[in-house]
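Please find below a note on the model shown here, arranged as numbered points. Each point may be checked against the coordinates.

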Amino acid sequence: MREPTELEKQRYDRIGEIAARGRQRYLEAGGDPKRSPSGYKGDDYLTDEERQEILQLARQVFGVTRQDNQIFCQGKTWTVTQRSVSTK
């Protein structure tokens, strides 16, 4: 396994910062400190901008790419059916 580059480390650290901010909001809203929010939109305590930034950074750090109807990640490939493709 290779060592992450400095840029990958910075991106991963940024993901952690944003997630920590969401966690703090969860706790300030009275969340159980022994539990984590589900991570689903509306229960992750992130703004839409933070959520988009985390997704973009995660794709860069973990190597997720999409070409046509194929998803590529860490040497594996998945075919996406038309029904599961977002129309947005």
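1. Where is the place of Val64? Val64 sits in the loop between H2 and E1; helices (H or I, at least four residues) and strands (E, at least two) are DSSP runs, numbered from the N terminus. With a relative accessibility of 31%, Val64 counts as partly exposed; the classes are buried for under 20% relative accessible area, exposed for over 50%, and partly exposed in between (1.4 Å probe, protein chains only).

2. Basis of the note. This is a predicted model, in which local features need pLDDT of at least 70, side-chain atom pairs count only at pLDDT 80 or more, and totals for chains, interfaces and linings use all residues. Residues are numbered from 1 along each chain as its sequence is written, and side-chain values use heavy atoms, with hydrogens and water left out.

3. Confidence. The average pLDDT of the chain (the predictor's confidence in each residue, from 0 to 100) is 84, and 91% of the residues score at least 70. Where pLDDT is low, the predicted coordinates should not be read in detail.

4. Helix H1. The 23 residues of H1 should span 33 Å at 1.5 Å a residue, and the end C-alpha atoms of H1 are 33 Å apart, which agrees; the expected span is 1.5 Å times one less than the number of residues. Glu8, Ile15, Ile18, Gly22 and Tyr26 are the buried residues listed for H1, and what covers the buried residues of this helix includes helix H2 (48-62), where contact means heavy atoms within 4.5 Å. Just after H1, Gly30 adopts a positive phi of about 95 degrees.

5. The whole structure holds eight salt bridges, each a side-chain nitrogen of Lys or Arg within 4 Å of a carboxyl oxygen of Asp or Glu. One of them pairs Glu17 with Arg14 (3.3 Å, N to O); both lie in helix H1, three residues apart, about one turn of the helix. Another pairs Arg25 with Glu50 (2.7 Å, N to O). Arg25 lies in helix H1 and Glu50 in helix H2, so this pair ties together parts that are 25 residues apart in sequence. Arg25 is partly exposed at 28% relative accessibility, whereas Glu50 is buried at 7%.

6. Arg51 and Asp48 meet through their side chains (2.7 Å, N to O) in a salt bridge, and both belong to helix H2, three residues apart. Salt bridges that share partners join Lys41, Asp44, Asp48 and Arg51 into one network. Arg51 counts as buried at 16% relative accessibility, and Asp48 as partly exposed at 43%.

7. A separated pair. Glu28 belongs to helix H1 and counts as exposed at 60% relative accessibility. Glu28 and Ile54 are 26 residues apart in sequence and 21 Å apart in space, C-alpha to C-alpha.
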